[in-house]
Amino acid sequence: MPVLDEVPGSQTQAKKREKRKLALNMAAYLSPIIVIIVVFVFAPLAIILFFSFMKSGPYGSIIYTFTFENIIAMAGGGYGKIFLQSVYLAFQTNFLCILFGYPIAYYIARFGGKRKVLWIFMIIVPSWSSYLIRLYALKTLVGTKGTLNTVLINLGLISEPLQILYTNFAVTMALVFAWLPFMILPIYAALEGLDRSVLEAAADLGATPFRRFFRVTLPLTRGGLLAGSILVFIPTVGEWLVPSIFGGSKIMMAGSLVAHKFTQVGNIPQGSSLAIMLAATLVLILYLTIKWGGREALEKAL
Amino acid sequence: MKKKKRIAQKILWVLSILTLVFLWAPMILIIVFSFSNNKYGSSWEGFTLKWYVKLLSNDQVRDALTRSLIIAGVTVVVATFIGTITAYGLYKLNFRGKQFLRTSILLPIVFPSVVTGSALLVFFTRLIHIPLGYPSIIIAHIVFCSPLAVFIILGRMQRFDWAWEEAALDLGATPFRTFLRVTGPQLLPAIMASAMLIFPWSFDDFVITYFVSGVGSTTLPIYVFSQLRFGATPVINTIGTLFVTITMLGMLAVYFSQKMGNKKSST
């Protein structure tokens, strides 16, 4: 039948037109970001991946022969330990941010009342002020000759200044100080979105406040916790400024190692392999998060 | 029962105040010290405004500030534009590999700055020979800011009423005209929000800029960092004070303009 013959023909033509329209639209809307991602993200990563397999020559030169020695050297020994330490510090920071962040987020959401906006304001302002200057300010407070020590000595509470800087404690404190607001805000948002009637139902059914919190409130704000954790954990692993200001040469993190190799030593192959390892670690973590349903949390967190 | 609740509330209040003190004490300290006569800017020795006078006459600071403003300005315009059209494309178009593209756009955000910075440095110097300075810094900033703009705007697009756009198209407006007269104005708050978030991101970035800036292109954060190596200086205190003040004023402006907007739309 001729009619039947015509229909598939016009359909494929319509399909073709649709396809062309889609391609044109994609070119119009998406080509800039694709160029950015391919040229300025994928290509640079490919370059450092390539360099991480090259031999390093004297004075920062690169000898173009294939070798595994960087990867082996960087993965083993002291460097591997520093990587593990970074991941550990990031977990610790994340945990402490939840521990300190949840109560204040809960207080604001539940009891903030008229002052809610003021509370939120007081949390957002530090998170938006210059990161570098905030770290500098913290150092002014806790440094060897810092205000805290001066005050304590003048009060006669201590006779010698406390050595806070260049300890694990200092690095952890600075990390929590820097990233805490980014944990509080998503938790607060999740708590605000909580349906109060669920809590009332739990109470009516005889749940104790304690049980109510751990069985209802906490699970229902999991999204906020996840979003906050992504915002805190990821930048912490690759942190460079905090360990270099608060850890000195004593406590290094993966980020400071990469920066050291590139900016001080000028060893591109070794620096590249460290950077690749750091990126791989984070991609793995990101992959796991997305797998556990964190994609929405991640995009929402932004 | 009620009493118990009261006590719990009190405890939470104390914890919250302590958290705020922890977040604010260092900042308040440098604000106070910026008015102190002490030449290291690290203790109180009577009130003075001389550090602010010194800041105004400091050429290095002025240069660095100008540079940072230019870079952040260009970055905000380009990144917000790219973010807007990308978000629109991602929202409207369905194609194979969309999920992959979205994940790829997330990469520059989740990669540590040291990785992005070092990879771009090697790429610029060893492969495409882009001069270090304005070109390299601005490209780097666009690379890490555009993805942010994409997701900020995409997030707001999901809450839109798209019926207006369809109506305009149905009534025969060209796609361009529709965008200009209907979609664009509707998108404006999202675009503004993205610009407001990106400006501080670009202005305040230290790590990536430090990698790709080369010699002589000192931005404000790099200037601050270079001063910190010599120990504390009162000038940094004044810069910090101004930063906090400007952030607060900016946020208040946003808050009140939103409040006014809400009032207008509700009446």
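Reader: So what domains is chain A divided into?
Author: Chain A is divided into domain 1 (2-51) and domain 2 (77-301), with bounds that come from an automatic or database domain assignment. Keep in mind that this is a predicted model, where local features need pLDDT of at least 70, side-chain atom pairs count only at pLDDT 80 or more, and totals for chains, interfaces and linings use all residues. Residues are numbered from 1 along each chain as its sequence is written, while chains are lettered from A and ligands numbered from 1 in the order in which they are written.

Reader: OK, what separates the centres of those two domains?
Author: Taken over C-alpha atoms, the centres of domain 1 and domain 2 of chain A are 40 Å from each other.

Reader: And how many residues of domain 1 are in contact with domain 2 in chain A?
Author: Four residues of domain 1 of chain A are in contact with six residues of domain 2 of chain A. Contact here is when the C-beta atoms of two residues, placed from the backbone, lie within 7 Å.

Reader: What class are the ones on the domain 1 side?
Author: On that side of chain A there are four nonpolar, no polar and no charged residues. The nonpolar class is Ala, Val, Leu, Ile, Met, Phe, Trp, Tyr, Cys and Pro; Asp, Glu, Lys and Arg count as charged, and the others, Gly among them, as polar.

Reader: Switching topic: how many residues of chain A are in contact with chain B?
Author: 67 residues of chain A are in contact with 69 residues of chain B. Helix α1 (residues 2-51) of chain A gives the largest share of chain A's side, 17 residues. By class, that side of chain A has 53 nonpolar, ten polar and four charged residues.

Reader: How many helices and strands does chain A have?
Author: Chain A has 14 helices and two strands. Those are DSSP runs, numbered from the N terminus: helices are H or I with at least four residues, strands are E with at least two.

Reader: Is chain A compact or spread out?
Author: Chain A is more spread out than a compact globule, because its radius of gyration is 26 Å, well over the 19 Å that the globule rule gives for 302 residues. The radius is taken over C-alpha atoms, and the rule is 2.2 Å times the number of residues to the power 0.38. Along its principal axes, the C-alpha trace of chain A spans about 105 × 75 × 30 Å.

Reader: How about chain B, how many helices there?
Author: Chain B has eleven helices and zero strands. Its radius of gyration is 23 Å, well over the 18 Å from the globule rule for 267 residues, so chain B is also more spread out than a compact globule.

Reader: Which residues touch the most others in the largest nonpolar core?
Author: Of the 142 residues in that core, Leu135(A), Ala174(A), Val258(A) and Ala275(A) touch the most other members. Helix α7 (residues 168-192) of chain A gives the largest share, 16 residues. A nonpolar core is a set of buried Ala, Val, Leu, Ile, Met, Phe, Trp, Tyr and Cys residues joined through C-beta atoms within 7 Å. Buried means 20 or more other C-beta atoms within 10 Å of a residue's own, exposed means 12 or fewer, and partly exposed is in between, with C-beta atoms placed from the backbone.

Reader: What does Ala275(A) touch?
Author: Not counting residues up to four places away in sequence, Ala275(A) touches Ile48(A), Val258(A), Val114(B), Val115(B), Ser118(B) and Ala119(B).

Reader: Where's His129(B), and is it buried or exposed?
Author: His129(B) is in the loop between α5 (113-128) and α6 (134-157) of chain B. His129(B) is exposed, because 8 other C-beta atoms lie within 10 Å. Phi of His129(B) is near 50 degrees, a positive value in a residue other than glycine.

Reader: And Tyr166(A)?
Author: Tyr166(A) is in the loop between α6 (147-154) and α7 of chain A, and its phi is near 60 degrees. With 17 other C-beta atoms within 10 Å, Tyr166(A) is partly exposed.

Reader: Last one: what's the mean pLDDT of chain B?
Author: The mean pLDDT of chain B is 87, and 96% of its residues reach 70 or more. pLDDT is the predictor's confidence in each residue, from 0 to 100.
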